[in-house]
Amino acid sequence: MTALPTRLLELIRPDVRQMAAYHVQDAHGMVKLDVMENPYHLPPQLRQQLGAVLAQVALNRYPTPDYQRLKQKIAERLGVPPGYPLILGNGSDELISLLALACAQKDADGRAARVLSPAPSFVMYAMSAQIAGLEFTGVPLQADFTLDMPAMLAAIAREQPALVYLSYPNNPTGNLFADSDIEAILQACAGRSLVVLDEAYQPFAQVSWMERLPQYPHMLVMRTVSKLGLAGIRLGYMSGHPDLLAQLEKLRPPFNVNVLTEAAANFALDHLSLFDIQAAAICQAREQLAQQIAAWPGVQVFPSAANFLLVRVADSERVFQHMLQHKVLIKNVGKMHTLLSNCLRITIGAPEENQAMLAALKAALDSLN
Ligand SMILES: *Cc1c(COP(=O)(O)O)cnc(C)c1O
């Protein structure tokens, strides 16, 4: 095909033209432990039931745009405080984009609103800010991945951000930030910045700020069903003060959650105990793997409250490539941030996947010597 005339290409924003496209590694034939998916399927009987439920869905109809039944079920079963509304997203990624869009304004001096988060953290915080024309500030964590509180508080005072993101547990480091630190951040932001607690890994951490919503009118708690085992259906949800959510609702595309997702999520919420059992198995495997790997020379395993482990090796790129040759796909995050140098992020899989991962990792480590 002939190249698009430059004039047409130039209709696209220059910063967008300069962006690199989101890269997804080809995982064909691999033990796939790179993006924190739950390795377990529904049992065959439940899959059949789900199939019957989905077969009844009226695909010719638009979704009912308020999603009342699904929201009520989420609220009841997932600990949303009484009276607190929910907003649903096509994945929590969409909610992150909506927040950026909602806050994208310039102050009296013409300066764009700011988004702030610790670094390294979830890449979408910075990316959504850039796309919506906000400034992003990443405040480096300490070497042990705890919050650098003096730096955080100074940055909040200096930047006066519209949005502060705290991934709890943090992706890609896996740890939970200290309650007292989060409280201090909430206090520093009271009355002027929104603080988003991103609890994508809540099923594995078993702790949450959701119940504390009534204490903090400027706090939003965001979650997703992706890491729980439903990454394919794309559903995120967020709760917070009704006045805030009412504003965000205006920006939400009216039918952003499709009818199949809605039905599948309703079904899943009726079988939540099954997902809880899977999450418990994943946490148990995580602890076993952490112990095993930590016993090997030349590896550092960081504590994790999520469904992945962050490990540091002598040469993350060589270990990553070696494991790839053994058909095990993990994520080399060594280049993401200086604090992550030579780090690998390994999703916890099913038992046989974890065994394959251990064997490949051991072989890769041995090959370094
Ligand atoms: C995976 C992840 C998300 C995105 O979840 P989706 O609902 O799949 O879009 C959000 N935040 C963090 C910290 C994550 O790791």
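1. Buried means under 20% relative accessible area, exposed means over 50%, and partly exposed lies in between, with a 1.4 Å probe and protein chains only. His218 is buried, because its relative accessible area is 8%. His218 sits in the loop between α9 (202–205) and β7 (219–224). Here helices (H or I, at least four residues) and strands (E, at least two) are DSSP runs, numbered from the N terminus.

2. This is a predicted model: local features need pLDDT of at least 70, side-chain atom pairs count only at pLDDT 80 or more, and totals for chains, interfaces and linings use all residues. Residues are numbered from 1 along each chain as its sequence is written, and side-chain values use heavy atoms, with hydrogens and water left out.

3. What surrounds His218? Leaving aside neighbours within four places in sequence, His218 is in contact with Leu186, Cys189, Ala190, Gly191, Ser193, Leu194 and Val195. Contact means heavy atoms within 4.5 Å.

4. Now the domains. The protein chain is assigned domain 1 (7–43 + 273–364) and domain 2 (61–270). These bounds come from an automatic or database domain assignment. Taken over C-alpha atoms, the centres of domain 1 and domain 2 are 23 Å apart.

5. How much area is buried between domain 1 and domain 2? The value is about 2300 Å², and carbon and sulfur atoms give 71% of it. In domain 1, Phe275, Ala305 and Leu339 lose the most area to domain 2, together 25% of what that side buries. Buried area is the accessible area (1.4 Å probe) that two parts lose on being put together, summed over both.

6. In contacts, 27 residues of domain 1 meet 30 residues of domain 2. Five residue pairs across this interface are in polar contact, both residues at pLDDT 80 or more. A polar contact is a pair of N or O atoms within 3.5 Å; within protein, one must be able to donate a hydrogen and the other to accept it, and residues adjacent in sequence count only if both atoms are side-chain atoms.

7. Which elements of domain 1 give two or more residues to the side that touches domain 2? They are α13 (272–294) and β10 (308–312). Of these, α13 gives the most, with six residues.

8. Last, the cysteines. The whole structure has zero disulfides, a disulfide being a pair of cysteine sulfur atoms within 2.5 Å. For Cys103, the nearest cysteine sulfur is that of Cys189, 12 Å away. Cys103 counts as buried because its relative accessibility is 12%. Cys283 counts as buried too, at 15%.
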